[in-house]
Amino acid sequence: MPVYGRVKWYWKKQPLAELDQDPPVIDTEYTILDTTRLTKLLYISTKYKDDDAVAKECVVTATINGTAIPGTRSPGDDTWNYWYFRHDVPNLFNSSSIFNANYWKAKHATSIKVTVMRQTDAIGANAELDGRVQYATWEPT
Amino acid sequence: MSVQVKPIPLKETFVNISESNPNEDEWYPLLPQTDLGEIMSVKIEQQNDETDAKNIEVRLTADDTEYVGTVSAPHSLNEFAVRSPIQDALILLASQYNMNWYTTLKGHSLQLDVRITSTPGTNQVLLANAHFFTAPAGTNWWWKHYPTAVVNQDPPVNDLSYYEILGEVEDVRFIYFGGRQINDEAALKNVELTATIDSIAYTRNHGNLGSGAWNYWHIRPEIAAALLASTTTYNTARYETLDGQLGKVEIRIRSAPGTNQELDGRVVYELYEEVA
């Protein structure tokens, strides 16, 4: 008969993982979170702005248990976007409305790495690239 | 020393009942008493030849706490049972929600029953189904259901120490953070709710909380140690639950109290506890 947990483990809420890259270098991947603990990923958020005030391509990649899941957006409006895993294709999608990492659910994985990168378009003056991840990890109590 | 790193393999089950010519006021079991369960959703429906609406009740018994919900169910339309965040009852909604709005309801012991409380119609049928999960026998730890933690501070003192909605608990799954203020003038007030979870104080001072309406505080995605508050029903992490190894929740008013000022807080939660 299996016995689950002689030692009690539970979700420990971790501090917000934060990236503030001012300015970012084009085509350089910046890590927001990199963990090999069992993780409950609640939210992934990114934001970009520069003085050009036009759309600039950003790529977020969530590597889940070794598999990279990318998502692309062209923000530039200094607005937070919330990324989530699509149910139909292996991509991240995003919205200016708040969604959890798995739309209406958290994303669970034994290893998670979340990165963001500015790609393709020139970096304007006073560029700021921000990333945030809210999460908990499974820890002994 | 054994270490739990694998997820508990849950068994997924759908149960359905279809009771023809049910007796008025007789309870019919939908989910017999079940150990180590997690209810995703409960749906009921009634049909009769007259196509009349009938009163239907759903009863949830979760770890010795009982919740009942009643609805005048239209003929042949679904109603979904949800544990209310603002009262100790179930509510029945025409829109599809899970048992705890966007999330599930867990307990060491769960049971569901349904009944018709109107005079049954011709060829009356009472239909219900439940979608739930169970952990295997031998599971050492599971979430135990607790009654909602409540504070009713009438009147509150302005800007003083917090009023505790839920004192410090261990290994907690927070489902809702609810807060409300009421005053005779229907004036807006500043109300601040703080949830301290694993040494981080998540807080929001809602500067213009309307009188009478419940607000649901939930963790903010992109700002450290912050909550958002909304009259829209959300769980503690929007559509998800906020968990922690240590947690407590407090509320206070930060405006001069109005006439007959009331300050109310409700926290719905479950604790991960050893199975007896």
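Contact here means heavy atoms within 4.5 Å. The structure is a predicted model, and the values below are computed from it.

The interface between the two chains comes first. On the side of chain A, 37 residues are in contact with 39 residues of chain B. Together the chains bury about 3400 Å² between them. Carbon and sulfur atoms account for 59% of that area. The interface also holds 3 salt bridges. Lys8(A) takes part in a salt bridge with Asp171(B). The closest N and O atoms of Lys8(A) and Asp171(B) are 2.7 Å apart. Polar contacts between chain A and chain B amount to 20 residue pairs, with both residues at pLDDT 80 or more. On chain A, the elements that give two or more residues to the side touching chain B are strand S1 (9-13), strand S4 (39-49) and strand S11 (128-140). The residues on this side of chain A divide into 22 nonpolar, 6 polar and 9 charged.

Strand S11(A) also pairs with other strands of chain A. This strand is mostly covered, with 11 of its 13 residues buried. S1(A) pairs with S11(A) in the antiparallel sense, over 5 bridges. Trp9(A) has Pro140(A) in S11(A) as its bridge partner. Strand S2 of chain A, residues 17-21, runs antiparallel to S11(A) and is joined to it by 5 bridges. Here Glu18(A) stands opposite Arg132(A) in S11(A). Glu18(A) and Arg132(A) also belong, with Asp20(A), to a network of salt bridges. S4(A) and S11(A) run antiparallel too, joined by 10 bridges. Tyr48(A) stands opposite Leu129(A) in S11(A).

Salt bridges were then examined over the whole structure. Side chains of opposite charge can pair when their charged atoms come close. The search finds 21 salt bridges over all chains. In chain A, the side chains of Asp78(A) and Lys47(A) meet in one, at 3.4 Å from N to O. This pair links distant parts of the chain, 31 residues apart. Asp78(A) sits in the loop between strand S6 (67-73) and strand S7 (81-85) of chain A, and Lys47(A) sits in strand S4 of chain A. The two residues fall into separate classes of accessibility. Asp78(A) has 35% relative accessibility, so it counts as partly exposed. Lys47(A) has 16%, so it counts as buried.

Asp264(B) forms a salt bridge with Arg180(B), and their closest N and O atoms are 2.8 Å apart. Asp264(B) is buried, at 1% relative accessibility. The side chains of Arg220(B) and Glu222(B) meet in another salt bridge, at 3.2 Å from N to O. Arg220(B) is partly exposed, with a relative accessible area of 21%. Glu222(B), at 6% relative accessibility, counts as buried.

Two loop residues of chain B were considered next. Thr259(B) lies in the loop between strand S16 (242-253) and strand S17 (262-274) of chain B. Its relative accessible area is 39%, so Thr259(B) is partly exposed. Leaving aside neighbours within four places in sequence, Thr259(B) is in contact with Asn183(B), Asp184(B) and Glu185(B). With Glu185(B), the side chain of Thr259(B) makes a polar contact of 2.3 Å. The C-alpha atoms of Thr259(B) and Pro155(B) are separated by 8.9 Å. Along the chain, Thr259(B) and Pro155(B) are 104 residues apart.

Ser118(B) is placed in the loop between strand S7 (105-116) and strand S8 (125-134) of chain B. Ser118(B) counts as buried because its relative accessibility is 12%, and the cut-off is under 20%. Not counting residues up to four places away in sequence, Ser118(B) touches Glu24(B), Lys54(B) and Asn55(B). A polar atom of the Ser118(B) side chain lies 2.7 Å from the backbone nitrogen of Asn55(B).

Note on methods. Residues are numbered from 1 along each chain as its sequence is written. Chains are lettered from A and ligands numbered from 1 in the order in which they are written. This is a predicted model: local features need pLDDT of at least 70, side-chain atom pairs count only at pLDDT 80 or more; totals for chains, interfaces and linings use all residues. Side-chain values use heavy atoms; hydrogens and water are left out. Buried area is the accessible area (1.4 Å probe) that two parts lose on being put together, summed over both. A salt bridge is a side-chain nitrogen of Lys or Arg within 4 Å of a carboxyl oxygen of Asp or Glu. A polar contact is a pair of N or O atoms within 3.5 Å; within protein, one must be able to donate a hydrogen and the other to accept it, and residues adjacent in sequence count only if both atoms are side-chain atoms. Helices (H or I, at least four residues) and strands (E, at least two) are DSSP runs, numbered from the N terminus. Ala, Val, Leu, Ile, Met, Phe, Trp, Tyr, Cys and Pro count as nonpolar, Asp, Glu, Lys and Arg as charged, and the others, Gly among them, as polar. Buried means under 20% relative accessible area, exposed over 50%, partly exposed in between (1.4 Å probe, protein chains only). Two strands pair if DSSP finds at least two bridges between them.
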